[in-house]
Amino acid sequence: MLGVLLLAGLAAPLGACTPTIKVEVAPINIYAKLDADVRVRLDKEVQSVISQNPNLF
Amino acid sequence: MVDTVRTRKIAGTLAAFAFLAAPAAGLMIVSTPALAQSASAKAAVDAAKAQGIVGEQGDGLLGFVSGSADAATTAAVAEINTGRRKVFASTAAKSGVTPDAAGEATAQALFAKIPAGQYYKPLGGSWTRK
């Protein structure tokens with residue numbers, strides 16, 4: 001009984017100390033973080049896609 | 001009790017049909033020659049852009065400058081955005097980037113083309129009149 005109480009007493013503060021981690025995923029700048037050569041390839045592809053889909057862009 | 005079982009069977013059959021029908025409907029949308037439809041959607045979106053109702057967003061999709069629009073404009077925007085998402089996915093696959101990155105790259109190119117007076121919204125920013 002005493003053990004249970006002790007455990008409960010230990011567990012409560014441990015629970016209270018569980019760190020809250022806020023993960024914020026910024027939707028910004030995925031493009032800016034690309035490698036330069038990947039970006040060049042992507043930009044070329046984007047230009048052709050825009051001209052090939054005049055009804056979408 | 002028998003009724004319950006029968007009802008369940010019917011419900012099960014309906015569910016099975018719904019399951020079959022949903023992908024079929026999806027296929028129909030894909031296989032429909034969307035060109036003519038898209039042309040009218042594009043015209044509606046262009047008109048809405050000229051009125052400052054619709055603008056280009058930093059994610060490469062169209063958005064509503066004041067949050068909403070009439071049903072026809074909303075439908076046109078949804079249609080074009082659906083088509084754009086597909087394009088971003090294929091661009092992403094070809095370029096080895098994520099679809100989001102492809103959308104952002106497309107937005108950069110589109111921002112440059114926006115005529116003066118129309119609206120755009122950079123990622124993390126607010127609607128801006130060019």
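Good morning. From the N terminus on, the elements of chain B run α-α-β-β-α-α-β-β, which gives 4 helices and 4 strands; helices (H or I, at least four residues) and strands (E, at least two) are DSSP runs numbered from the N terminus. This is a predicted model, in which local features need pLDDT of at least 70 and side-chain atom pairs count only at pLDDT 80 or more, while totals for chains, interfaces and linings use all residues. Residues are numbered from 1 along each chain as its sequence is written, and chains are lettered from A in the order in which they are written.

Of the 130 residues of chain B, 27% count as buried, that is, with 20 or more other C-beta atoms within 10 Å of their own, C-beta atoms being placed from the backbone. Among contacts in chain B (C-beta atoms within 7 Å) with a separation of 6 or more, 48% come from residues 24 or more positions apart.

I turn to the interface. Chain A contributes 18 residues to the contact and chain B 25. On the side of chain A that touches chain B, 12 residues are nonpolar, 3 polar and 3 charged; Asp, Glu, Lys and Arg count as charged, Ala, Val, Leu, Ile, Met, Phe, Trp, Tyr, Cys and Pro as nonpolar, and the others, Gly among them, as polar.

The contact includes Leu42(A) and Val46(A) from H2(A), and Val87(B) and Thr91(B) from H3(B). By class, this contact has 5 nonpolar, 2 polar and 3 charged residues.

How values were computed:
Two residues are in contact if their C-beta atoms, placed from the backbone, lie within 7 Å. A residue is buried if 20 or more other C-beta atoms lie within 10 Å of its own, exposed if 12 or fewer, and partly exposed in between; C-beta atoms are placed from the backbone.
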